[in-house]
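This report is written to be read with the sequence and the model side by side. Please keep both in view while following the text.

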Amino acid sequence: MKIKEESCTIVLLGNWNKYILSPGWSAKNIFNEPGLGVEIALDLGLPPRYTSEQSHVKMIPTEDNVTFVALQHDDECLQKMESLAYELVSKLSYTPVRAFGVNFSFSDQANKNDLLGLFKFSDTELLSNFGSQFTFNSVRRRLIVENRTLNLAISNKGDEVFFDFNFHYGVSGTSEVMSKIKNSVVENKKIAENLLKSVYKLDYDNLEVKG
C-alpha cells in the first residue's frame, strides 16, 4: 500500500480575501515564521503556493477555498497542518466558511486481494462484447463512519487501484470549524487505514510515498 504524495490535505471552503492572505501576512500570522517559499504558476488563473520548510506544510489560498497540504505523512506533520488551519480560521474569524474537508489518497496493485473484483459491474460483460476497452473504472460511496461523513472514491486505472478519502464537515462559520477540526486529522487517517485493512485486507504498515 502506498500513500499518494501531497494527498493529506485540509480544504476550507468559504469566501476568502486572497489579498489578506499574502505570503508576508501568512508567514507572520499563520506560520509564525520569518518567511515562506513562494511558487507562482506560469499559467494564468492558478493560485500561488506558500511552503514552510520548518513545518513541512504548504498553503494554497484562493477566493473560494484555502488548502493546507502536509508534505510529510507522520502524525507530527498532520497535527501541525491541523494547527495551521485552526490558526487561520481563528485569526480571520469573520470569514464566511461553509464546509471543510480532510483528505487522504492511497493506492495499491490491482491484482492484490482481487481488488479488480470491485469493478465487476452488471454491464461489464455487455460492454466488452460490444468491443469496448476499459481505461478507467470508479465506485463512489457516501458513508457515515464514527459519526462523520466519509466520501470514498475507489478507482482503477491500469494496474493500480486508488482509494480517495474525503471526510466532509458542513459548518456554519469559523467557530464551528474550530470546534470540529481539533484532533480530527490524525483520527481520520487512522479510520482510513483501519477501513483499508479491515474491509479490503490491505496492509498499511510501513506505508510508502507515491509521487
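The model is predicted, so local features are described only at pLDDT of at least 70 and side-chain atom pairs only at pLDDT 80 or more, whereas totals for chains, interfaces and linings use all residues. Residues are numbered from 1 along each chain as its sequence is written, and side-chain values use heavy atoms, with hydrogens and water left out.

Helices (H or I, at least four residues) and strands (E, at least two) are DSSP runs, numbered from the N terminus. Eight of the 10 residues of strand 9 (residues 148-157) are buried, so the strand is largely enclosed by the rest of the structure; buried means under 20% relative accessible area, exposed over 50%, and partly exposed in between, with a 1.4 Å probe and protein chains only. The two pairings of strand 9 are set out below, where two strands pair if DSSP finds at least two bridges between them.

| Pairing | Sense | Bridges |
|---|---|---|
| Strand 8 (residues 137-145) and strand 9 | antiparallel | nine bridges |
| Strand 9 and strand 10 (residues 160-170) | antiparallel | nine bridges |

Asn 137 stands opposite Asn 156 in strand 9, and Lys 157 stands opposite Glu 160 in strand 10. The hairpin of strand 8 and strand 9 has two residues between the strands, and Glu 146 takes a positive phi near 50° there; in the hairpin of strand 9 and strand 10, which also has two residues between the strands, Gly 158 takes a positive phi near 65°.

Ser 155 lies in strand 9 and, at 9% relative accessibility, counts as buried. Not counting residues up to four places away in sequence, Ser 155 touches residues including Phe 119, Phe 136 and Phe 162, contact meaning heavy atoms within 4.5 Å.

**Helix 1**

In helix 1 (residues 23-31), Ser 26, Ala 27, Ile 30 and Phe 31 are buried. Seen down the helix axis, these buried residues fall within an arc of 110°, so they line one face of the helix; the arc is that of the directions from the helix axis to the C-beta atoms. On the other side of helix 1, Gly 24 and Lys 28 are exposed. The buried residues pack against strand 4 (49-52), strand 5 (57-61), strand 6 (65-70) and helix 2 (75-91).
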